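Colleague: I would like to go through this model with you. Could we begin with the terms and then turn to the helices?

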Amino acid sequence: SANSLQSAFGKKFTMGVAVGPADLSGESAKLILQQFGSLTPENAMKMGPVHPRENEYNWKAADSIAAFARRHGLKLRGHTLCWHQQVPSWIFTDNTGAPANRSLVLKRLHDHIKTVVGRYRDIVYAWDVVNEAISDAPGEYLRNSPWLSICGEEYIALAFQWAHEADPDALLFYNDYNEIDSTKRSKIIRLVTTLQKKGVPVHGIGLQGHWAINEPTPEILDACLRDFTATGLPLQITELDVSVYPKEHQARSAQPSDSKTAFTPAKATAQQEQYLNCFRIFGKYRQMIQAITFWNVSDKHTWLDNFPVRNRKDYPLLFDVNLKPKQAYHILLQHA
Ligand code: XIL
């Protein structure tokens, strides 16, 4: 019987995990090598961290993750080339401190993509080229970010074109969240099909998969994957986690009782059911789902501890705060 996520699910999906340099030593490195076949840099390849000033790249963290992947024969997903967050302010400012114009911003985006994609050509097999460009607002299609307001919607197609030129072998993804919401989903599908019709090199859709114990329901996840696979494009689940805070408590401020009620046995069971349902439905669409990446290694460190509410401990992963497999892990493997 299987003794790791990669051995249990690897025939269907590449199983991955988001990491920072600190995860790549000690017990956490051991767990990663035991369990996973792929890495995504949690922050290290984003524009802010890797390109803090116009002519200055900070490769240290990204290089250490790439070196670990090469050394251990792991796959590597690149994340992400163009996003409205963790973007350095110099990109949108000219040398006099005034707002940069369209041609300057696009030139900088081009340089950035060429340099970063070029550097990791040998090891990154898939890039999240554009991240979260769709608006969550009802009736609004694209997110009103500086990218859009300065460059117009063409920046999206150009980013894919430039990534393709820098590495013709890389699989290029459009990546977004709230994919389980049918309105958001239609906009994501509208974007990727528009790009496809224009002949833009987009090779897949990344579904972040930041979910909760009670959302999506199996019916909603099934409808979601049915709609996305109807585009004909392969999918990857790029940032999977299952928050123990139910949908209706997601944005609620931290409560004093949270530390006692966050991860009770009842929550553990609900989370286990949610993971089981998700993987059952992923299995149904296995021909179209290439990879599943968890967003962080274990409950010891999860980005959800500070999002959407600061300092509220969450327990969204398959390994606990001591890096030991949770009940959900064992049950998932039994049903793999
Ligand atoms: C998050 C990281 O996990 C945090 O460490 C960082 O402070 C903010 O970004 N969607 C994405 C990821 O595409 O890049 C985000 O990662 C989580 C949401």
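Modeller: Helices (H or I, at least four residues) and strands (E, at least two) are DSSP runs, numbered from the N terminus. Axes are lines fitted to C-alpha atoms, for helices over the stretch in contact, and angles run from 0 to 180 degrees between N-to-C directions. This is a predicted model, in which local features need pLDDT of at least 70 and side-chain atom pairs count only at pLDDT 80 or more, while totals for chains, interfaces and linings use all residues. Residues are numbered from 1 along each chain as its sequence is written.

Colleague: How do the axes of H11 and H12 cross?

Modeller: Helix H11 (residues 265-284) and helix H12 (residues 327-334) have axes that come within 9 Å and cross at roughly 30 degrees. That makes H11 roughly parallel to H12, since angles under 35 degrees count as roughly parallel, over 145 as roughly antiparallel, 65 to 115 as roughly perpendicular and the rest as oblique. H11 passes H12 in a right-handed crossing; a crossing is left-handed if the near helix is turned anticlockwise from the far one by less than a right angle, and right-handed if clockwise.

Colleague: And which residues of H11 and H12 make the contact?

Modeller: On H11 they are Ala-268, Gln-271, Gln-272, Tyr-275, Leu-276 and Phe-279, and on H12 they are Gln-327, Ala-328, Ile-331 and Leu-332. Two residues are in contact if their C-beta atoms, placed from the backbone, lie within 7 Å. By class, the contact of H11 with H12 has 7 nonpolar, 3 polar and no charged residues. Here Ala, Val, Leu, Ile, Met, Phe, Trp, Tyr, Cys and Pro count as nonpolar, Asp, Glu, Lys and Arg as charged, and the others, Gly among them, as polar.

Colleague: At what angle do H9 and H11 pack?

Modeller: H9 and H11 pack at about 30 degrees, with their axes 10 Å apart. That makes H9 roughly parallel to H11, and their crossing is right-handed. Pro-218, Leu-221, Asp-222 and Leu-225 of H9 make the contact with Asn-277, Cys-278 and Ile-281 of H11. The contact of H9 with H11 has 5 nonpolar, 1 polar and 1 charged residues.

Colleague: What about H5 and H7, how far apart are their axes?

Modeller: The axes of helix H5 (residues 102-119) and helix H7 (residues 154-166) are 9 Å apart, and the two pack at an angle of about 35 degrees. The crossing of H5 and H7 is right-handed. From H5, the residues are Leu-106, Leu-109, His-110, Ile-113, Lys-114, Val-117 and Gly-118; they meet Tyr-155, Leu-158, Ala-159, Trp-162, Ala-163 and Ala-166 in H7. The contact of H5 with H7 divides into 10 nonpolar, 2 polar and 1 charged.

Colleague: Let us step back to the whole chain. How many helices and strands are there?

Modeller: The protein chain has 12 helices and 9 strands. Its C-alpha trace spans about 55 × 45 × 45 Å along its principal axes. Of the 336 residues, 42% count as buried. A residue is buried if 20 or more other C-beta atoms lie within 10 Å of its own, exposed if 12 or fewer, and partly exposed in between, with C-beta atoms placed from the backbone. Among contacts between residues at least 6 apart in sequence, 74% join residues at least 24 apart.

Colleague: Now the backbone. Which peptide bonds are cis?

Modeller: The bond from His-79 to Thr-80 is cis, with omega near -10 degrees, and Thr-80 is in strand S3 (residues 75-82). The bond from Glu-215 to Pro-216 is also cis, with omega near 0 degrees. Pro-216 is found in the loop between strand S7 (210-212) and helix H9 (218-229).

Colleague: What is the phi of Asn-178, and where does the residue lie?

Modeller: Asn-178 has a positive phi of about 60 degrees although it is not a glycine. Asn-178 lies in the loop between strand S5 (171-176) and helix H8 (182-197), and it counts as partly exposed because it has 16 C-beta neighbours inside 10 Å. Leu-323, not a glycine either, has a positive phi of about 70 degrees; Leu-323 is in the loop between strand S9 (289-294) and H12.

Colleague: Lastly, is Asn-311 buried or exposed?

Modeller: Asn-311 counts as exposed, with 8 C-beta neighbours inside 10 Å. Asn-311 lies in the loop between S9 and H12. Not counting residues up to four places away in sequence, Asn-311 touches Ala-254 and Asn-306.
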